Amino acid sequence: MLNKRSSQQHAYIQQCVYRVSAPVTAFKIHDPDPNAVDGGHVLGLRFEIMSRGQFLRPYYVMLNRPFSGSKHLRVHRHTVPPAVPLAGLAARHLPAPKAADEGGDESARGHQDLDRFVRTLRREIVRYHNRLGVSADLRRRLGLHDASRANIKANSVVEVGIADIEAKQIKIAWADERSGRLIMDDDGNVQKLVVFSAQGRDWETTKELFGKHDRMEDIAQRLEEHGAIG
């Protein structure tokens with residue numbers, strides 16, 4: 001029994017090492033559809049993502065070659081979240097050949113950079129999950145994961161969550177019905193915080209909670225201190 005567990009643990013460690021050292025892997029698959037382009041040949045890309053010390057479910061991008069007489073690639077299928085600008089990255093790094101170029105000299109066609117496409121796409125996926133992690137960390141910091149919270153005061157934050165599909169805005173709600181939006185950049189750094197009350201913009205609370213060069217940790221600490229006030 002002990003030998004079996006040891007072998008399983010060894011295999012798991014090997015798998016983790018491989019997933020860390022090879023965050024993107026390529027593989028070939030065949031589309032069984034008899035009408036598939038390019039004889040059904042498909043290039044698959046597997047993206048490994050880790051969040052808070054745990055591997056998430058991998059994302060996949062499938063590429064094929066639908067252009068007659070050309071080796072240019074096109075995104076065929078994918079499992080990338082809609083918040084990641086996959087179409088824009090593909091248009092930039094995997095442009096389709098111009099109609100006048102099809103069937104002509106390959107060197108004269110629009111250049112595709114698969115390596116840059118892969119690296120940029122993975123960076124955008126990682127950024128997206130980092131922004132999701134910021135919201136989750138803020139919820140834990142303020143104790144919102146605990147359903148049995150006690151001593152909720154008027155200044156206590158009662159809700160924190162993602163407010164947009166790109167996970168660049170965090171919505172905040174207080175017990176006294178004030179609301180706020182915390183706006184982040186692509187990397188999850190704080191850019192702006194706005195607070196609203198029943199009378200409109202709450203400039204006083206905004207000034208109390210947010211400074212020009214604040215980190216998320218600074219705002220979380222001020223939210224904690226603010227919530228402790230009567």
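**Briefing: strand pairing and overall composition**

The protein contains five helices and 11 strands; helices (H or I, at least four residues) and strands (E, at least two) are DSSP runs, numbered from the N terminus. This is a predicted model, in which local features need pLDDT of at least 70 and side-chain atom pairs count only at pLDDT 80 or more, whereas totals for chains, interfaces and linings use all residues. Residues are numbered from 1 along each chain as its sequence is written, and side-chain values use heavy atoms, with hydrogens and water left out.

**Pairing around S2**
- Strands S1 (residues 24-30) and S2 (residues 41-47) form an antiparallel pair over seven bridges; two strands pair if DSSP finds at least two bridges between them.
- Isoleucine 29 has valine 42 in S2 as its bridge partner.
- S2 also pairs in the antiparallel sense with strand S5 (residues 59-64), over five bridges.
- Opposite phenylalanine 47 stands tyrosine 59 of S5.

**Hairpin of S7 and S8**
- Five bridges join strand S7 (residues 157-162) to strand S8 (residues 169-174) in the antiparallel sense.
- Alanine 173 in S8 stands opposite glutamate 159.
- Six residues lie between the strands of this hairpin, where alanine 167 takes a positive phi near 60°.

**Burial, contacts and surface**
- Of 230 residues, 37% count as buried, that is, under 20% relative accessible area (1.4 Å probe, protein chains only).
- Contacts (heavy atoms within 4.5 Å) between residues at least 6 apart in sequence join residues at least 24 apart in 41% of cases.

How values were computed: Buried means under 20% relative accessible area, exposed over 50%, partly exposed in between (1.4 Å probe, protein chains only).
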